[in-house]
Amino acid sequence: MSTALQPAAMIAADPDTLAPDGSEIRFLPQLKGGSMVHCRVPVGGTTLAVRHRTVEELWYVVGGVGEIWRSLAGEERVDHLCAGSAVTIPLGAHFQFRCTGDEPLEIVIVTMPPWPNMEEAERVADHWPAATASSK
């Protein structure tokens, strides 16, 4: 990882990859201590439920509306997501999210330490049935 200053990054029109949960991922800058991506769930989409093995995340919703289910150490909750809301994904938390509005759910995610590889996410039991939908 370079320590040089990086140019400003723009969100790509097409996803760079799909996350293990099925959401669309567009890469943004990365440093030694963390990585950042833009995540999109299409209208009507529900991700697969997963847990992370070694990373924690901070999420900031920039568009759309949806819900997130999280479960950790016997505590379980479902929270509404909308532009301006922020949530945490602590290490080991089970989580699943979905778009419930008429525009894609869009989230900027900071992962600490940086996302290592696709094996980072371990599949867990779904809270909602997973569903894919086409991007609007």
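**Reading a predicted chain**

Tutor: Let us begin with the surface. The chain exposes about 7,400 Å², and carbon and sulfur atoms supply 58% of it. Please bear in mind that this is a predicted model.

Student: What share of the 136 residues in the chain is buried?

Tutor: Burial is judged from relative accessible area, with under 20% as the cut-off. Here buried residues make up 39% of the 136 residues.

Student: How many helices and strands does the secondary structure of the chain contain?

Tutor: One counts the elements and then reads their order along the sequence. This chain has zero helices and eleven strands, and its pattern along the sequence is β-β-β-β-β-β-β-β-β-β-β. The radius of gyration is 14 Å, close to the 14 Å that the globule rule gives for 136 residues, so the chain is as compact as a globular protein of that length. Along its principal axes, the C-alpha trace spans about 45 × 35 × 25 Å.

Student: What part of the contacts in the chain with a separation of 6 or more comes from residues 24 or more positions apart?

Tutor: Such residue pairs account for 71% of those contacts.

Student: How many disulfides does a search of the whole structure find?

Tutor: A disulfide requires two cysteine sulfur atoms within 2.5 Å. The search of the whole structure finds zero disulfides.

Student: Are Cys 82 and Cys 99 buried or exposed?

Tutor: Cys 82 has 29% relative accessibility and therefore counts as partly exposed. Cys 99, at 6%, counts as buried.

Student: Where does Met 10 lie?

Tutor: Met 10 is found in the segment before strand E1, which comprises residues 17-18. With a relative accessible area of 72%, Met 10 is exposed. Between Met 10 and Gly 33, which are 23 residues apart along the chain, the C-alpha separation is 21 Å.

Student: How far apart are the mean positions of the positive and negative charges of the chain?

Tutor: One compares the mean position of each set. The chain has 10 positive and 17 negative charges, and their mean positions are 1 Å apart.

Conventions
Residues are numbered from 1 along each chain as its sequence is written. This is a predicted model: local features need pLDDT of at least 70, side-chain atom pairs count only at pLDDT 80 or more; totals for chains, interfaces and linings use all residues. Side-chain values use heavy atoms; hydrogens and water are left out. Buried means under 20% relative accessible area, exposed over 50%, partly exposed in between (1.4 Å probe, protein chains only). Helices (H or I, at least four residues) and strands (E, at least two) are DSSP runs, numbered from the N terminus. The radius of gyration is taken over C-alpha atoms; the globule rule is 2.2 Å times the number of residues to the power 0.38. Contact means heavy atoms within 4.5 Å. Accessible areas come from the Shrake-Rupley method with a 1.4 Å probe; for residues, only the protein chains shown count as cover. Lys and Arg count as positive and Asp and Glu as negative; His and the chain ends are not counted. The place of a charge is taken as NZ of Lys, CZ of Arg, CG of Asp or CD of Glu.
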